[in-house]
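Me: I would like to learn how to read a structure, one feature at a time. Can we start with charged side chains and go on from there?

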Amino acid sequence: VNWRPQPTSPISASASLSNAPLESLLAAVGRSALPVSGTVAAAAEVTGTYGSPWAGLTVAIRDGAAWGEPFEAVQARLSYTAGVLQLTSAELTGPYGRLVASAAFRHRPGDFRNGRLEFRINSSPLQLASIRAVSTRRPGLTGVVEITAAGAGAVQMGAPLPFLGELKASFGRHGAILDDARAHTDRAAAGAADAIGALAYT
């Protein structure tokens, strides 16, 4: 039988994962050297038609740590349909406070290198003394910092980030560290991902 899916052919698939040690998952994909830990639960779903699919992913990591920084939970919900990749919600909670983010990337069909990115980041008052990276480098430093940032703009491969000004402002007098930030979606992105140990890039 020489059957091929048509644009209107219905599709449906789902998968889930629960109580999985993050360290075991990283080892399975050759990333056991990454200094991250926790317990993972995830659910993925694909529905719609072959020509117009909808995909959703929910991930939660609890009671973990990343690069020596403990966290209580990391949760994220992503979806993709009709040229829109959306991070509907992402939340990080720990002994220092809470950070919430959302984002959307809109692109033309088949072109993942160029598009429009929108993002928003908010936090509760973050306790500096409870952030291990801060207390290690600056023992005795106390106080709180609250992050609020939002931006939108066109993304082009290798161009400056469209929301660079907003991000720099959220870093205050330290914003100059982002002066050379660039948006990449090709091999340059892959190289940067490997350099920092990231598991995914576009």
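Me: How many salt bridges does a search of the whole structure find?

Reply: First, where the values come from. This is a predicted model, in which local features need pLDDT of at least 70, side-chain atom pairs count only at pLDDT 80 or more, and totals for chains, interfaces and linings use all residues. Residues are numbered from 1 along each chain as its sequence is written, and side-chain values use heavy atoms, with hydrogens and water left out. A salt bridge is a side-chain nitrogen of Lys or Arg within 4 Å of a carboxyl oxygen of Asp or Glu. Searching the whole structure gives three of them.

Me: Which side chain meets glutamate 91 in a salt bridge?

Reply: That of arginine 98, with 3.0 Å from N to O. To describe the surroundings we use relative accessible area: buried means under 20%, exposed over 50%, and partly exposed in between (1.4 Å probe, protein chains only). Glutamate 91 is partly exposed at 26%, and arginine 98 is partly exposed at 41%.

Me: Which side chain meets arginine 106 in a salt bridge?

Reply: Arginine 106 meets glutamate 118, at 4.0 Å from N to O. Arginine 106 is in strand 6 and glutamate 118 in strand 7, so this pair ties together parts 12 residues apart in sequence. Strands (E, at least two residues) and helices (H or I, at least four) are DSSP runs, numbered from the N terminus. Arginine 106 has a relative accessible area of 37%, so it counts as partly exposed.

Me: What else is glutamate 118 in contact with, leaving aside its neighbours within four places in sequence?

Reply: Contact means heavy atoms within 4.5 Å. By that rule glutamate 118 touches Ser102, Ala103, Ala104, Arg106, Gly151 and Ala152. A separate value is the distance between C-alpha atoms: 6.6 Å separates those of glutamate 118 and phenylalanine 105, which are 13 residues apart along the chain.

Me: How do I read strand pairing, and in which sense do strand 6 and strand 7 run?

Reply: Two strands pair if DSSP finds at least two bridges between them. Strand 6 (residues 97-106) and strand 7 (residues 115-123) run antiparallel and are joined by eight bridges. In this pairing alanine 103 stands opposite phenylalanine 119. Strand 7 also pairs with strand 10 (residues 148-155), in the antiparallel sense and over eight bridges. There, glutamate 118 has alanine 152 in strand 10 as its bridge partner.

Me: How many helices and strands does the protein have?

Reply: Four helices and 10 strands. Read from the N terminus, the order is β-α-β-β-β-β-β-β-β-α-β-β-α-α. Of the 202 residues, 26% are buried. Among contacts with a separation of 6 or more, 40% are between residues 24 or more positions apart.

Me: What is a positive phi, and which phi does aspartate 63 have?

Reply: Most residues other than glycine have a negative phi. Aspartate 63 is not a glycine, yet its phi is about 50°. Aspartate 63 is in strand 3 and is exposed, with a relative accessible area of 66%. Tryptophan 67 also has a positive phi, near 55°. Tryptophan 67 is in the loop between strand 3 and strand 4 (69-81), and is exposed at 56%.

Me: Which residues make the nonpolar surface patch?

Reply: Patches are made of residues with over 30% relative accessible area and no salt bridge; like charges are joined within 9 Å, and nonpolar side chains (Val, Leu, Ile, Met, Phe, Trp, Tyr) within 5 Å. Here Leu57, Leu78 and Leu85 form a nonpolar patch of about 190 Å². Leucine 57 lies in strand 3 (residues 53-66) and is partly exposed at 34%.

How values were computed
Accessible areas come from the Shrake-Rupley method with a 1.4 Å probe; for residues, only the protein chains shown count as cover.
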